[in-house]
Structure formats: structure tokens, C-alpha cells
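Please work through the following exercises with the structure open beside the text, taking each solution one step at a time.

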Amino acid sequence: MFRGTGTALVTPFAEGRFDEESFRRFIDFQVEGGVEALIVLGTTGEAPSVSEEERTEIISCAVATAAGRVPVIVGTGSNSTDHAVSSSLRAQDLGADGVLVVTPYYNKPTQEGLYRHFREVAKAISIPMVIYNVPGRTGCNIHPDTVLRLADLENVAGIKEASGDMAQVDDLIRRVKKVRSEFKVYSGNDDQAFHLVCSGGDGVISVLSNVVPRETSTMIRSALDEDLSAARKAHMKLFPMMKGLFVETNPIPVKYAVARIGYCSQEIRLPLVPLSEKARDGLDCLMDELGL
């Protein structure tokens with residue numbers, strides 16, 4: 001797994017279909033911008049609105065275009081353990097370097113249920129797995145104690161932490177690094193990434209880097225290199241954009257922003273709708289301030 005910045009990629013669409021040409025150009029833009037990993041078919045990639053046929057196209061395109069330059073990590077989570085296993089095996093067969101598996105949503109399992117869910121996925125595959133904790137989306141929070149149990153499994157490589165609870169994150173980093181120093185802890189929130197890395201974490205799985213990959217990856221590398229002055233300065237400069245990209249439900253604002261810089265259309269799938277005019281005006285101002 002990587003240390004640094006992994007971009008949670010948007011999925012370009014055109015006239016109702018996956019836009020492969022735009023996706024290839026966008027991946028090149030990301031790699032040339034210095035990101036250390038590509039995360040495909042996560043929340044930002046509108047995974048719930050993508051068909052199984054499209055999933056195969058998108059994963060295959062990402063793997064072929066990345067061409068080993070950076071790892072490709074595929075979102076394969078589900079609230080069905082069997083489906084998460086089959087999706088993870090499919091991603092592995094298509095050449096993914098790792099999978100990102102979200103905590104099961106809606107059915108709200110216990111901590112023991114979460115442990116067994118992730119254990120079954122990890123046992124089924126031979127590539128690394130990253131746990132994804134985002135209680136605001138799933139209604140389910142995986143506790144540090146459970147993550148520590150999962151860290152005993154060799155191919156459970158890390159966690160994307162988007163709980164928003166920095167005390168929980170600090171507790172996890174403090175404890176898990178003692179027992180397995182190579183276990184990766186990534187921020188799932190751009191506005192907390194600087195703080196997480198300063199606490200001993202390993203980077204960010206970012207929405208922001210869709211729009212400013214070089215600036216985001218430079219900020220995170222500065223923090224990892226303990227150049228805190230440079231990292232703090234970059235964090236403060238980018239902070240308004242971090243917040244602006246969540247003025248409406250992700251990925252609505254970032255899809256608009258990526259379209260504005262020329263790497264996809266604004267097309268987004270229902271039940272999501274395009275960015276409102278009021279939010280668009282505000283995001284335009286933030287992008288102008290960054291010279292985008």
C-alpha cells in the first residue's frame with residue numbers, strides 16, 4: 001500500500017455511459033500531478049449507480065491506464081458479505097492492486113459482525129484490503145478494538161478513517177502502530193488529513209486531489225517529511241476548497257469542479273443531481289482564488 005495521497009476518482013459519464021476517453025486523460029492528469037494511488041469506484045466514483053458491466057470496464061480501464069505507475073485500489077464494499085467477497089475477487093482478477101471495503105451499511109452489524117465481515121473478505125483474496133470507516137454514510141462505526149483484531153490478518157493493510165472523530169483516530173494510530181507499524185491509517189476527510197499525518201498517520205484518500213492533485217500530494221508529503229511549516233501553509237491555503245467541495249453531497253461539487261477544469265462532463269446519475277446555481281457561484285469563487 002501507499003503512503004501519501006490517493007485520489008478517490010470521479011467517474012466520467014457521457015450521454016448515460018462510462019466515458020473511457022475522459023477517464024484515461026484524467027488518470028494521466030492525476031499520475032502526472034504526483035498522487036501515490038488511484039481509488040476507483042468509491043463514494044466519489046458514484047459506485048452505487050454503476051452497473052456490473054460498467055464496473056468491469058472502469059476497473060480494466062484504470063488498471064491499463066495506470067500501467068503500474070501507481071497502485072489501483074478498487075471499492076468493493078457491500079452490506080452483503082457474499083457480494084463484497086465476489087466483488088473483491090472480481091477486482092483482483094481484473095488486476096487491482098488492492099480493494100477498499102466499506103463497513104456494511106443499513107443493516108448495522110455489531111463489532112463482532114464487522115470483524116467477521118472483513119475477515120471473510122480478507123480470507124478470500126490475496127491482494128491487500130483497506131477498511132473504510134465512514135459512519136456518516138453507513139450508520140456504522142468500526143471501533144479501534146475491532147480494527148486491532150483485524151490488523152492481525154496479513155492482508156488487511158490499513159484503514160480509511162472518515163469518522164470525523166479525531167480522538168478516535170489518534171487512539172487508533174497510537175495503538176495499532178505499536179503492534180503493526182506498517183498498518184496504514186489514511187484520512188478520509190481532506191480537512192483532517194494534515195492533522196492525521198501529524199499524529200502519525202500515513203496520508204489521505206482524497207476528494208480534493210481530483211481538482212488539485214499536485215498541491216494536495218505536496219501538502220501530504222511535506223507533513224510526512226515533518227516539514228510542518230510548509231504542510232500547515234498548504235493546508236490553510238487549500239482549506240476553503242476542502243470545505244467547498246462538500247457544500248452539497250459528495251460527489252456533486254467535485255464533479256462540477258473536475259468538469260470546469262476540463263476532465264469530464266458535469267453528468268451525474270440520479271438520485272444525485274447537478275450542483276445548484278447558488279453553490280456553483282461559491283465554488284467558482286474558490287476555484288478562481290486558486291487560479292483554476
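**Exercise 1.** At what angle do H3 and H4 pack, and how far apart are their axes?

*Solution.* In this predicted model, the two helices H3 and H4 pack at an angle of about 30°, and their axes lie 9 Å apart. Angles under 35 degrees count as roughly parallel, and H3 and H4 are therefore roughly parallel to each other. As for handedness, H3 passes H4 in a right-handed crossing. The contact is made on the H3 side by Thr 81, Ala 84, Val 85, Ser 88 and Leu 89, and on the H4 side by His 117, Glu 120, Val 121 and Ala 124.

**Exercise 2.** Determine which residues of H4 are buried, and what they pack against.

*Solution.* Helix H4 comprises residues 111-124, and its 14 residues reach 20 Å from the first C-alpha to the last, close to the 20 Å expected at 1.5 Å a residue. The buried residues in H4 are Leu 114, Tyr 115, His 117, Phe 118, Val 121 and Ala 122. Seen down the axis of H4, these buried residues fall within an arc of 165°, so they line one face of the helix. They pack against helices H3 (81-93) and H6 (144-150), and against strands S6 (98-102), S7 (129-133) and S8 (156-161).

**Exercise 3.** Describe how H10 and H12 are arranged.

*Solution.* The axes of H10 (residues 228-244) and H12 (residues 277-289) come within 10 Å and cross at roughly 155°, which makes H10 roughly antiparallel to H12. H10 passes H12 in a left-handed crossing, with the contact made by Pro 240, Met 241 and Gly 244 of H10 and by Leu 283, Leu 286 and Met 287 of H12.

Methods:
Residues are numbered from 1 along each chain as its sequence is written. This is a predicted model: local features need pLDDT of at least 70, side-chain atom pairs count only at pLDDT 80 or more; totals for chains, interfaces and linings use all residues. Side-chain values use heavy atoms; hydrogens and water are left out. Helices (H or I, at least four residues) and strands (E, at least two) are DSSP runs, numbered from the N terminus. The expected span of a helix is 1.5 Å times one less than its number of residues. Buried means under 20% relative accessible area, exposed over 50%, partly exposed in between (1.4 Å probe, protein chains only). The arc is that of the directions from the helix axis to the C-beta atoms. Contact means heavy atoms within 4.5 Å. Axes are lines fitted to C-alpha atoms, for helices over the stretch in contact, and angles run from 0 to 180 degrees between N-to-C directions. Angles under 35 degrees count as roughly parallel, over 145 as roughly antiparallel, 65 to 115 as roughly perpendicular and the rest as oblique. A crossing is left-handed if the near helix is turned anticlockwise from the far one by less than a right angle, and right-handed if clockwise.
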